[in-house]
Amino acid sequence: MGRGEVRDYFDKARSGAAALLVLVGIAAVGGTFLEWVTIRPPERVPADQADRLDAFTGMETSDGWVVVALAGGILVAALLLVIRKRSVYAWVAFWCSMLMGGISIADYRGIDELFYEEMNRIGDPAPAFGLTLVAVAALVGIVASV
């Protein structure tokens, strides 16, 4: 499309959706590097288990790496959506967002399982900002890709 050509409604909508998808991808990657779990320690902690009180990020779990890969897929799909102007890239972003949302919401709801079984930590876990950011980014990605 040259400079003199007028953009129609669909070109504007596609550009807006792609911009939002880029923000979704950036937010999801950023969320995996932030803390996914905050910990309220027990009253008494044995000396040999003091290192198990550390909060952890998404990159310390296997799910964090999957989220980064899906966010990369969203970023590539957003770029191709603008360049190639084909709906298949919106579908790719939609399915990447769906999978990312499924992972993050499952981790959010099953925070105890992630905390105790996968990461072998002690204390009372609660979801932190990074996990919430990934879940919200996934939901926004679903809306933006539709």
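Guide: Helices (H or I, at least four residues) and strands (E, at least two) are DSSP runs, numbered from the N terminus. This is a predicted model, and its chain reads α-β-α-α-α-β-α along the sequence. That pattern holds five helices and two strands.

Visitor: What makes the chain more spread out than a compact globule?

Guide: The globule rule gives 15 Å for 146 residues, whereas the radius of gyration of the chain is 19 Å; this is well over the rule, so the chain is more spread out than a compact globule. Along the principal axes, the C-alpha trace spans about 70 × 20 × 20 Å.

Visitor: Why is Gly72 called partly exposed?

Guide: Buried means under 20% relative accessible area and exposed means over 50%. Gly72 has a value of 27%, so Gly72 is partly exposed. This residue is found in helix 2.

Visitor: What share of the chain is buried?

Guide: Of the 146 residues, 38% are buried.

Visitor: Which residues have the most contacts inside the largest nonpolar core?

Guide: They are Leu21, Trp36, Val37, Val67 and Met100, in a core of 29 residues. Two or more core residues come from each of helix 1 (9-33), strand 1 (37-40), helix 2 (62-84), helix 3 (87-109), helix 4 (111-118) and helix 5 (129-145). Helix 2 gives the largest share, seven residues. In soluble globular proteins, nonpolar side chains tend to be buried together.

Visitor: What does Leu21 touch, leaving out residues up to four places away in sequence?

Guide: A contact requires heavy atoms within 4.5 Å. On that basis Leu21 touches Ile74, Leu75, Ala78, Leu81, Ala93, Gly141, Ala144 and Ser145. For the chain, among contacts between residues at least 6 apart in sequence, 73% join residues at least 24 apart.

Visitor: How do you know which residues line the largest pocket?

Guide: A lining residue has an atom within 4 Å of a pocket point. The residues lining the largest pocket include Tyr9, Phe10, Arg14, Leu21, Leu81, Ser87 and Val146. Helix 1, helix 3 and helix 5 each give two or more residues to this lining, and the largest share, six residues, comes from helix 1. About 210 Å³ of space lies in the pocket.

Visitor: What is the lining of the largest pocket by class?

Guide: There are nine nonpolar, two polar and one charged residues.

Technical notes: Residues numbered from 1 in each chain as written. Predicted model: local features only at pLDDT ≥ 70, side-chain atom pairs only at ≥ 80, totals over all residues. Heavy atoms only, no water. Core = buried A, V, L, I, M, F, W, Y, C linked by side-chain atoms within 4.5 Å. Buried < 20%, exposed > 50% of the residue type's maximum accessible area, 1.4 Å probe, protein only. 1 Å grid on protein atoms, 1.4 Å probe; cavity = no way out; pocket = protein on both sides within 12 Å on 5 of 7 lines; lining within 4 Å. Points joined across faces, edges and corners; volume = space filled by probe spheres on them. Nonpolar A, V, L, I, M, F, W, Y, C, P; charged D, E, K, R; others polar. Rg over C-alpha atoms; globule rule 2.2 N^0.38 Å.
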